[in-house]
Amino acid sequence: MDRVKDLASKSAAVIFTKSTCCMCHSIKALFYDLGASPAVYEVDHDADMERALRRLGCNPAFPAVFVGGKYVGSAKDVISLHVDGTLKQKLIEAKAIWF
Amino acid sequence: MGSKSFKVAGKVYTSVADSMPSFIANSNGAEGNTGQSSRVSNVGPHEQSIGFRGGAYNSTSLINQTMHPDLQFSSYEKMLQGQNISQPNQVSNSDTSTEDPDDKIQSFDVDPSNPFMASGSNDKQKDKFPEQKTQRRLAQNREAARKSRLRKKAYVQQLENSRLKLTQLEQEVQRARKQGVVISNTGDQSQPNSGNGSLAFVAEYSRWLEEQSKHTSELRAAVTSHKSDSELRSLVENATTHFNDIFRLKKIAAKADVFHIIYGMWTSPAERCFLWIGGFRSSELLKLLVSHLEPLTEQQLASIDHLQQTSLQAEEALSQGMDALQQSLADTLARDAPVVPPGSSGMANYMGQMAMAMGKLGSLENFLRQADHLREKTLQQLHTILTTRQSARALLAINDYFSRLRALSTLWLARPQE
């Protein structure tokens, strides 16, 4: 968990992914399209990290998105927040994007 | 071909079945008429050219040579039965024959005094006129052959009738489908697993459509009769809740058969034209709605435009994920192609490959879920931008649009075909 929090606070936008996960690819694409440059950490063989993410409420564990060091959610949450404009707002606040 | 031993008059004949190749069995019916050269191996070229229909009569010389006249008929019969059992697949070949076996046989039946007189054959054999017993045996053989041919004719007739019936049934199903009756394709398409799941969903979807039209009528009546906003609001809420029901139904059905849902097998053909990950594109829908929602304030127009962009962004992202999935699946299956090395390690590789591919297919369900989630959220966001009355009109417009697509599909299916 500490490692998760540590990595999450290092960048404005952080996404934990798995190389085999194509939904992770989608969320990454969305962030790039928004102009954010998220830090992407591929967590293929780290069971501890996966467990930590799950404990945060991320199910499925990947993709796990953090903005401004705070846990945002999985793909479903990201889509919800994106549609109602909250995601962009958070990204601007975290200085991941400027407009 | 079994090898059988006969003790006949002090002499032992073994493997008689082999030395008397299938032409004898062939004479028992048209079943054996494959004309395969392998079966002709022991027969002279003269007999071979005649073919095997009624072949026994061409090869009487062989019978005389290999068969002791005192050979018991019962043994002969057993041998024939043994031969017959080993040829279960001969019927189909005869279907393609253009000659009627009976015609050939006719030529042999013509001269009862010399049943071995065949067209263009065996004139040399006149001097080897067989004894009474052989004659009787051969007569019984002919009888058996005749019966066999009749059986075959009856079977073919049965097949023809079944085929006709099948064509009729298929036409009926086509007609029923055109009239809007929902008939699942599970029978004639390669959907081995879609049975229960898809059929159940097809029924659920029909029910959903019926209820949807009820909600729509209520809403339309309320809008045209200018009901109060509060009344409209509850109707709009009910209609929205019902509309969102389809996403829940799709989610459940996708667990049973994701392909059926995601590739729109449940939708009408015209709807399928615009299919995007198992449903409509919210961005497209928003574009269509704007004209139906006027008058709109500047703010509303801007918000709807923004919502459309937002939805499009998410749609693009999901599409990219789907593309990545496709590519990944192709890569997984193409790996180590074309030769899977034999042995256990090869099989292990193959199974590993399959397991990975299975995992990738599993993520299709997630894509469908997120696509439906996007649809639901986008429409939800739309309603926050619109007034109650506008929301009502939006719901009516959406429903009208899809109704027209379905109607178009029905017309299309019922169109006269040349």
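The model is predicted. Chain B has 17 helices and two strands. Of its 418 residues, 39% are buried.

**Chain B as a whole**

- The accessible surface of chain B is about 23,400 Å². Carbon and sulfur atoms account for 54% of that surface.
- Among the contacts in chain B with a separation of 6 or more, 74% are between residues 24 or more positions apart.
- B:Arg175 belongs to helix 9 of chain B, which covers residues 132–178. The relative accessible area of B:Arg175 is 48%, so this residue counts as partly exposed, a class that lies between the limits of 20% and 50%.

**Aromatic rings**

- Over all chains, the whole structure holds 13 aromatic pairs.
- One pair is B:Phe201 with B:Tyr205, whose ring centres are 6.1 Å apart. Their planes meet at 10 degrees, so the pair is stacked; the limit for stacking is under 30 degrees.
- Both residues sit in helix 10 of chain B, residues 195–224. They are separated by about one helical turn because they are four residues apart in that helix.
- B:Phe201 has a relative accessible area of 3% and is therefore buried. B:Tyr205 is also buried, with a value of 8%.
- Ring pairs join B:Phe201 and B:Tyr205 into a cluster with B:Trp208, B:Phe243, B:Phe247, B:Trp266, B:Phe280, B:Tyr401 and B:Phe402.

**Charges over rings**

- B:Phe280, one of the residues in the ring cluster, has B:Arg375 over its face. The distance from B:Arg375 to the ring centre is 5.6 Å.
- B:Trp412 has B:Arg415 over its face, at 3.7 Å from the ring centre.

**A nonpolar patch on the surface**

- Five residues form a nonpolar patch on the surface: B:Leu333, B:Met347, B:Tyr350, B:Met351 and B:Met354. Together they have about 470 Å² of accessible area.
- Helix 16 of chain B, residues 344–385, supplies the largest share of the patch, with four residues. B:Met351 is found in this helix.

Technical notes: Residues are numbered from 1 along each chain as its sequence is written. Chains are lettered from A and ligands numbered from 1 in the order in which they are written. This is a predicted model: local features need pLDDT of at least 70, side-chain atom pairs count only at pLDDT 80 or more; totals for chains, interfaces and linings use all residues. Side-chain values use heavy atoms; hydrogens and water are left out. Buried means under 20% relative accessible area, exposed over 50%, partly exposed in between (1.4 Å probe, protein chains only). Patches are made of residues with over 30% relative accessible area and no salt bridge: like charges are joined within 9 Å, nonpolar side chains (Val, Leu, Ile, Met, Phe, Trp, Tyr) within 5 Å. Accessible areas come from the Shrake-Rupley method with a 1.4 Å probe; for residues, only the protein chains shown count as cover. A salt bridge is a side-chain nitrogen of Lys or Arg within 4 Å of a carboxyl oxygen of Asp or Glu. Rings of Phe, Tyr and Trp (its six-membered ring) pair if their centres lie within 6.5 Å; planes under 30 degrees apart count as stacked, over 60 as edge-to-face and the rest as tilted. A charge sits over a ring if NZ of Lys or CZ of Arg is within 6 Å of the ring centre and within 35 degrees of the ring normal. Contact means heavy atoms within 4.5 Å.
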